[in-house]
Amino acid sequence: MRSEVERSMHLVIDKSETFAADQTHINLNDSRYTSLVNDCTALAGNRPFKPLFGVKMIELNQPVLYGISLGSGGFTIERCGAPLNPDGKYNETADVFLSRVLENIGAIPCRKESELKEGESLATVCEEDGPTKAEILNSTDFTFTSGKTPSRSERQPALRIETDTNYKLVKFIDPTAAGEGQDEDTITESFINKLGVGDRQVTYQPLYFTAFARADKRVDNFGGEGQGGPLNGAFFQNITSSNVRFVIDGSGSMSACMMWGDGYGSWRTFYDPNQGRYRDTRRICALTRMESLISEMTMILEQLPNNTKVGLTSFSSNGYGNHKEWNESTSGLVRLGDEGKRDSAIQFVNTLDNDRVTRWGGTDPWNAIQSAFDDTEADTLYLMSDGRPNRDRNGGNWSSWDHQPTANYYAGENDDRQHNGEDRALIVNTTSLGLESPWLEKLSELTQGYYNQIDKDSLTEGEDDVS
């Protein structure tokens, strides 16, 4: 699903707002797509098939359709469209093909009697003689409004989708997000529920997904045991090391919005890089810098081989929420294939936008970078930041005079690095988001790494973080 979204031109959706005259190609209810929807519904047989969105390929007349249906384990996401040949090309002359993409999509749990508000009753939904799953799915609405499908209620699929104003983003979000004036709940993301054996206990798994149509960069499949070449993303590229550290920016400026959605919703706080401060707005943001980083890190951690040893550090300001390290019980790298470690690393990354953005902190990367150089087992560092450091290494004001000395200092740290009696220099690959960063570029040059600048035209000058 991710690869097809990323190789597509745009989404095809059903939305409550009126499409513009030049947007009929995006309207899933347009007559040109009726036969595809009917074919997919027919292929599902006696199971429901509710379209979620389509992805339009340049080489196909009809989009590839993704919908939700039912399987033995509950709700499922299914793909319907032209099949792919072994060489990766579409076979449009073949019959439309229906296949299962993801099983065990969770269902929103029923509230307890004590949680009901005055006048509410769940008897028609949650009692044993209530609607079947098929009836519930058939009555569930997946129409986009202001860029989002509706919030879910009891027993409905625990899946909600968001897109952007250009219909190029697919993002799974909190299925029960409270609106203005509504009470918050404990559900914070779309999720999978898999029934166990024996006592039929339920295993809960968060469902994180973000993908862009016609993405300039995408994560390539590394392969389960490291076969298939390097792993590439927008922030981090050419990942081949089995002993790697990621040091990522957790500062407040990472809350800046990269992709605005349609309409207005609840008040949210974002960092405004043009004004150099936080601001509150009801305008819907489909994707922030942090959410984009979290999405890519999640993909990378899912696809790195089991034998990869990883370190993860988020830097901000000392004492702030995002100044933290994964797996603090050990100062060394952790093998992703060890029991529970991969899920733990993904969970850590997905906590980076939990706190209020004004509590994320500023830009103080020095301890995190030094720890990476002190770890002689690591041979590669991926360092990413979207702002200038608030202070230099010695606590003074940061200026252009610090660029070369800072790069020289850390490059010099490689002179003393040894592992098992052998010299091991740390390769430092750096990424700058939203501004030019001469010191990061110089650091990579001196350590045989690469410098990656993203969104370099979005700002004429870089921003400082506000703590």
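Predicted model: local features only at pLDDT ≥ 70, side-chain atom pairs only at ≥ 80, totals over all residues.
Trainee: Which way do strand 2 and strand 3 run, and how many bridges join them?

Mentor: They are antiparallel, with five bridges between strand 2 and strand 3, the latter covering residues 64-71. Lys-50 has Ile-68 of strand 3 as its bridge partner.

Trainee: Is His-10 buried or exposed?

Mentor: The cut-off for buried is under 20% relative accessible area. His-10 has 11%, so this residue counts as buried. His-10 sits in strand 1, residues 10-12. Beyond its sequence neighbours up to four places away, His-10 touches His-25, Ile-26, Gly-54, Val-55, Lys-56, Tyr-167 and Ala-213.

Trainee: How should I read a nonpolar core, and which residues of the largest one touch the most other members?

Mentor: The general idea is that nonpolar side chains tend to be buried together in soluble globular proteins. Here the largest core has 33 residues, and those touching the most other members are Phe-236, Phe-246, Leu-293, Met-297, Leu-301, Val-310 and Leu-312. Elements giving two or more residues to this core include strand 11 (243-249), helix 5 (289-303) and strand 14 (309-315). Helix 5 gives the most, six residues.

Trainee: What is Val-310 in contact with, leaving aside neighbours within four places in sequence?

Mentor: Val-310 contacts Val-244, Phe-246, Leu-301, Leu-304, Trp-326, Leu-333, Val-334 and Leu-336. There is also a second, separate core of 32 residues, with Met-1, Ile-26, Ile-105 and Phe-172 among them.

Trainee: Where does Val-428 lie, and is Val-428 buried or exposed?

Mentor: Val-428 belongs to strand 20, residues 427-433. Its relative accessible area is 0%, so Val-428 is buried. Sequence separation is a separate matter: Val-428 and Leu-383 are 45 residues apart along the chain, with their C-alpha atoms separated by 7.1 Å. Outside four places in sequence, Val-428 is in contact with Phe-373, Leu-381, Leu-443, Ser-444, Thr-447, Gly-449 and Tyr-450.

Notes. Residues numbered from 1 in each chain as written. Heavy atoms only, no water. Helix = DSSP H or I, 4+ residues; strand = E, 2+ residues; numbered from the N terminus. Buried < 20%, exposed > 50% of the residue type's maximum accessible area, 1.4 Å probe, protein only. Contact = heavy atoms within 4.5 Å. Core = buried A, V, L, I, M, F, W, Y, C linked by side-chain atoms within 4.5 Å. Pairing = 2+ DSSP bridges.
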